[in-house]
Amino acid sequence: MLLEGKVALVTGSSRGIGRAIALAMVKEGCQVAVNYLGSEEKAKSLCEEIGQLGGKAIPFRADVSRWDEAKTMVDGVLSSFGKVDILVNNAGITKDNLLLRMSQEDWEEVIRINLSGVYNCTKLLLKPMIKQRQGRIINITSVSGITGNPGQSNYAAAKAGLIGFTKSIAKEVASRDILVNGIAPGFIATDMTEALVQAEQEKLLSAIPLGRMGSPEDIANVAVFLASEKAGYITGQIITVDGGLTM
Ligand code: NAD
């Protein structure tokens, strides 16, 4: 198994891409801290499912964009599991609108959760990772942060910021054997894209060379790879997983 004996914290993992990452990591022998915000039931049922697979997972409620909540969560994860080898910064939201109609609240909330949430969790776990002289940080950014997307200036700015953050931290901690990479998904079938898909499915699919939406598992497979020894010489990279959308 690729992640035997490892411990991962996956933010926003009660559903969607985060959930798929948690499950895929468990199947490779990893123990997982399942962070959630509102969906306690879903987080608990995921942990039960993982238990039935013979793995170990514990749910932790925290709004990652709030320093105190993120700190309480990280302290709890460290005391429950003893360490964190892999941090997956997955929690994210969209509040789409054209800039002319975008409220300051929607601008700030998207930046706060998608970007400051990553600052909080990464900063809190960096010291323990430096102490243990190894770690993997995987940031879930987006193709929107690479190409831009009308109606997503807040989200694209946060995700582009996350790419710069990923590369900067990768350079800061490479000498400590902490590898920091990002995954930029294209259109993945989750709750986040459901409304969009119903409205524009045909147009959307015709723009994707592989002709289909991605699945959360398509992203999870890459996260497992980046967390594993097989990716030991990769840092500061953003891997696009988009069915060819942005090639
Ligand atoms: P999703 O909405 O199903 O999942 C996002 C999760 O993050 C939810 O469980 C939500 O509760 C959690 N979350 C939101 N704010 C939080 C907070 N403040 N603290 C803790 N948890 C919080 O969406 P998804 O598609 O699974 O998205 C996962 C990640 O992938 C996001 O960062 C998203 O931006 C990114 N992404 C998704 C797509 C896509 O097409 N679905 C494309 C590119 C990037």
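A polar contact here is a pair of N or O atoms within 3.5 Å. Keep that cut-off in hand for the ligand stops below. The model is predicted.

**Stop 1**

Select the ligand and Thr190. An N or O atom in the Thr190 side chain is 2.6 Å from an oxygen atom of the ligand. Next, show the backbone of Ile17. There, a polar backbone atom is 2.8 Å from an oxygen atom of the ligand. How much of the ligand does the protein bury? Alone, the ligand exposes 810 Å², and the protein buries 95% of that.

**Stop 1: the shell**

Which come nearest? Then switch to cartoon.

**Stop 2: the largest pocket**

The ligand sits in the largest pocket. The volume of this pocket is about 1300 Å³. Its lining has 50 residues, and those closest to the pocket centre are Thr94, Tyr155, Thr190, Met192 and Thr193. Two or more lining residues come from each of helix 1, strand 2 (31-36), helix 5 (144-147), helix 6 and helix 7. Which element gives the most? Helix 7 does, with eight residues. Colour the lining by class as well. It has 21 nonpolar, 22 polar and seven charged residues.

**Stop 3: two positive phi angles**

Leave the pocket and look at the backbone. Most residues other than glycine have a negative phi. Select Arg133, in the loop between helix 4 (104-132) and strand 5 (135-140). Arg133 is not a glycine, yet its phi is positive, at about 55°. Move on to Asp177. This residue lies in the loop between helix 6 and strand 6 (178-185). Its phi is also positive, near 65°, and Asp177 is likewise a residue other than glycine.

**Last view**

Terms used: Residues numbered from 1 in each chain as written. Predicted model: local features only at pLDDT ≥ 70, side-chain atom pairs only at ≥ 80, totals over all residues. Heavy atoms only, no water. Polar contact = N/O pair within 3.5 Å; in protein donor to acceptor, adjacent residues only side chain to side chain. Areas by Shrake-Rupley, 256 points an atom, 1.4 Å probe, with all protein chains shown as cover. 1 Å grid on protein atoms, 1.4 Å probe; cavity = no way out; pocket = protein on both sides within 12 Å on 5 of 7 lines; lining within 4 Å. Sits in = over half its atoms within 2 Å of the grid points. Points joined across faces, edges and corners; volume = space filled by probe spheres on them. Helix = DSSP H or I, 4+ residues; strand = E, 2+ residues; numbered from the N terminus. Nonpolar A, V, L, I, M, F, W, Y, C, P; charged D, E, K, R; others polar.
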